[in-house]
Amino acid sequence: MSTRHKVALVVGANGVIGGGLVEHLLELGDWQVVGLSRRGGRCADRLRHVRVDLLDTEETRSTLAGLTDVTHIFYAAYQDRPSWSALVPPNLAMLTNVVDAIEPVARGLEHVSLMQGYKVYGAHLGPFKTPARETDAGHMPPEFNVDQQQFLQRRAEGRNWSWSAIRPSVVSGVAVGNPMNLAMAIAVYATLSRELGLPLRFPGSPGAYDSLLEMTDSGLLAKATVWAATDPGCTGQAFNIGNGDLFRWSELWPKIAGYFDLEAAPPLPMSLAEVMADKEPLWDAIVSREGLAPNSYAAVSSWSFADAVFSWDYDMFGDGSKARRHGFHEYVQTDQMLFDVFTRLRTRRVIP
């Protein structure tokens, strides 16, 4: 085990991505971890949580002033807004505030890792070139992922620290209270369908059922992120990170239904955000009857995000060969990944 001093600052530590990073770094055994979030969390051996509002410049600076031993920043925070242009100011400001606060006090800072996504390629705007590659031409702004990377590129010039950018597809993992958690949305949707005696119907756009997609396991993503942040050959590079396989909902959806002991009926396009809006009493009744963890309906709901993913009636995948060429060869089978997440949700008594 390495004895080199390594202290990770995980920004957005309570999310699906940040939580996976914290877990992986602790498993490696030679990292001290500081988790930043608005909610805070439980401290443990080699882990402490810090609660902070990253949109408050002065609070961020004063709260992080004592983090003088940080060597690596893993940035995975996100603030949602109702439009693409409105996303830019808060998400750029949070990253800027973190770097502005840490860089002057952490003299041993070595690397800043930026979590991005396929929005860099315009995937959120409509059909885009697939497989997407890191060398693809940019698209018309606004796009906060691009602004964040440009900020890091400019800031790192002449400094002693480097940067890397990681671009996953839809990330799957176990995290409650996260608005971008597809696996959680599917699990709760299936639980409510079973409670109502209904089959499991794919709720997305007709064309989405047969589009070619990929996902990214949060554990695999964590391994890739730490690899890129610590391998000198990855300095100043961006990497697509997917599970390594592709799927269509038309093949995967019946398997998901089978996991929950449900029949898979033909797809029926619907807005989950609308049809699930009145299901809180039903969820609360299930939690009470089954003795589940007391998570609120809001905490387990990711309906708007699920609607967005299920609306993709075009192919959504990137070329992951650049990471392999640089030495990262991890692979996860997507259907098994989802089943593992569902099982962990059951073990933690999030779903029955």
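Q: What makes helix 5 roughly perpendicular to helix 10 in this predicted model?
A: In this predicted model, the axes of helix 5 (residues 182–195) and helix 10 (residues 303–310) cross at roughly 100° and come within 9 Å. Angles of 65 to 115 degrees count as roughly perpendicular. The crossing angle falls in that range, and therefore helix 5 is called roughly perpendicular to helix 10.

Q: Which residues make the contact of helix 5 and helix 10?
A: Helix 5 contributes L182, A185, I186, V188, Y189 and L192. From helix 10 come W303, F305, A306, V309 and F310. Contact here means heavy atoms within 4.5 Å.

Q: How many nonpolar, polar and charged residues does the contact of helix 5 with helix 10 have?
A: By class, eleven residues are nonpolar, while none is polar and none is charged. Leu, Ala, Ile, Val, Tyr, Trp and Phe are among the kinds that count as nonpolar.

Q: What is the order of the seven strands in the open sheet, and is the pairing parallel or antiparallel?
A: The strands follow the order 3-2-1-4-5-6-10, and their pairing is parallel. From one strand to the next, the twist averages 20°.

Q: Why is one side of strand 3 and of strand 10 left without a neighbour in the sheet?
A: Strand 3 (47–51) and strand 10 (237–241) stand at the edges. Each has a single partner strand, so one side of each has no neighbour in the sheet.

Q: How do you know that strand 4 and strand 5 pair?
A: Two strands pair if at least two bridges are found between them. Strand 4 (residues 72–75) and strand 5 (residues 111–115) have four bridges, in the parallel sense, and therefore they meet the condition. One example is F74, whose bridge partner in strand 5 is S113.

Q: Which strands does helix 1 touch as it packs on the sheet?
A: Helix 1 (residues 16–28) touches strand 1 (7–11), strand 2 (32–37), strand 3, strand 4 and strand 5. The direction of helix 1 makes about 165° with that of strand 1.

Q: What does L26 touch, leaving aside residues up to four places away in sequence?
A: L26, which is found in helix 1, touches V33, D45, R46 and L47. L26 and R46 are 20 residues apart in sequence, and their C-alpha atoms are 7.3 Å apart in space.

Q: Which residues belong to domain 1 and which to domain 2?
A: The domain assignment gives 6–170 + 217–241 for domain 1 and 173–215 + 246–315 + 332–346 for domain 2. Their centres, taken over C-alpha atoms, are separated by 27 Å. The contact takes 18 residues from domain 1 and 18 residues from domain 2.

Terms used. Residues numbered from 1 in each chain as written. Predicted model: local features only at pLDDT ≥ 70, side-chain atom pairs only at ≥ 80, totals over all residues. Heavy atoms only, no water. Axes fitted to C-alpha atoms, helices over the stretch in contact; angles between N-to-C directions. Helix = DSSP H or I, 4+ residues; strand = E, 2+ residues; numbered from the N terminus. Parallel < 35°, antiparallel > 145°, perpendicular 65-115°, else oblique. Domains from an automatic or database assignment.
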